[in-house]
Amino acid sequence: MQPTADFDPARLARSLLRRSRQGALATLMPDSGDPYCSLVNLASHPDGSPILLISRLALHTKNILADSRVSLMLDERAEGDPLEGARIMLAGRAEEAAEGELELVRRRYLAAHPSAEVFVEFTDFAFFRIRPAGAHLVAGFGRIVDLRPEQFLTDLGDAAALLEAEAGAVAHMNEDHREAMNLYATRLLGAESADWICTGCDPGGIDTQADRRTLRLDFPDRVTNGTELRKMLVRLAGEARAKG
């Protein structure tokens, strides 16, 4: 089935990856090879790949350590018939986060799931990243398509400076610019007014959430460093105020 002309599957896939906070994780039982499915919390890496914080005591973690092949189903959790909302199935491998990226994945995960602070230091818990090999997106009739990783993951090759600036930028927006965050949500994304906070920035946009609600604000132009990010956020705040 071919997607309709007005459908941007890569953009929708990126949005689902950034906005999702829970998903159904399928792993393989090591003895039988039977599939095993469980519900997991997740956050997104700056490139969009899912981050998991899971216990080595859990069956799904034991399965991953024996065979890293997994699939992960994410959906929009739309009201009404769940099958009317968009969903994406990622297939790939789950790998324990490398020592050099632990600070980044921890920060991003806790921004999305602050309640995990109480157990993140438990010795049996570890961060894993799902490295997608492909995705199957379903977004309604005429909107079913398979995607390659380069179509929905964000290239970070030129964005090292932005990743270094991200933590400070997120803290600054949440401490000093909550009004702007609310303007982004209400006037640029059509959401209701709430205590919207920034949970992450990447070259393609920023992620926001208020309680269980999550939003993705795409940038009109790619940003790769802190200076470009600041200018973009100022620009978007101006556009939001102009809509008032």
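These legends go with several close-up views of a predicted model.

The model is a prediction, so local features need pLDDT of at least 70 and side-chain atom pairs count only at pLDDT 80 or more, while totals for chains, interfaces and linings use all residues. Residues are numbered from 1 along each chain as its sequence is written, and side-chain values use heavy atoms, with hydrogens and water left out.

**View A. The largest pocket.**
Here we look into the largest pocket, which has a volume of about 900 Å³. A pocket, on a 1 Å grid over the protein atoms alone, is an open set of points with protein on both sides within 12 Å along at least five of seven lines, and its lining residues have an atom within 4 Å of a point. Grid points are joined across faces, edges and corners, and the volume is the space filled by probe spheres set on the points. There are 29 lining residues, and R19, R212, R213, T214 and L215 are the closest to the centre. Which elements give two or more residues to this lining? They are helix 1 (9–19) and strand 11 (213–218). Helices (H or I, at least four residues) and strands (E, at least two) are DSSP runs, numbered from the N terminus. Strand 11 gives the most, with six residues. By class, the lining has nine nonpolar, eight polar and twelve charged residues. In this sorting, Ala, Val, Leu, Ile, Met, Phe, Trp, Tyr, Cys and Pro are nonpolar, Asp, Glu, Lys and Arg are charged, and the others, Gly among them, are polar.

**View B. The second largest pocket.**
This pocket has a volume of about 270 Å³. Its lining is made of 14 residues, with H172, M173, H177, R230 and L233 nearest the centre. Helix 5 (160–176), helix 6 (178–188) and helix 7 (226–242) are the elements that each give two or more residues. So who gives the most to this lining? Helix 7 does, with seven residues. The lining splits into nine nonpolar, three polar and two charged residues.

**View C. A cavity inside the model.**
The structure holds one cavity of 30 Å³ or more. A cavity is a set of grid points where a 1.4 Å probe fits but cannot get out. The largest cavity has a volume of about 60 Å³. Around it you'll find R18, R21, A43, S44, R108, A112, T199, G200 and D207. Strand 3 (43–44), helix 3 (102–112) and strand 9 (197–202) each give two or more of these lining residues. Sorted by class, the lining has two nonpolar, three polar and four charged residues.

Strands count as a pair if DSSP finds at least two bridges between them. Strand 5 (residues 69–75) and strand 6 (residues 87–96) run antiparallel and are joined by seven bridges. As one example, L74 has I88 of strand 6 as its bridge partner. Strand 6 also pairs with strand 7 (residues 125–138), again in the antiparallel sense, over ten bridges. There, A94 is partnered by I130 in strand 7.

The strands sit in the order 9-10-11, with antiparallel pairing.
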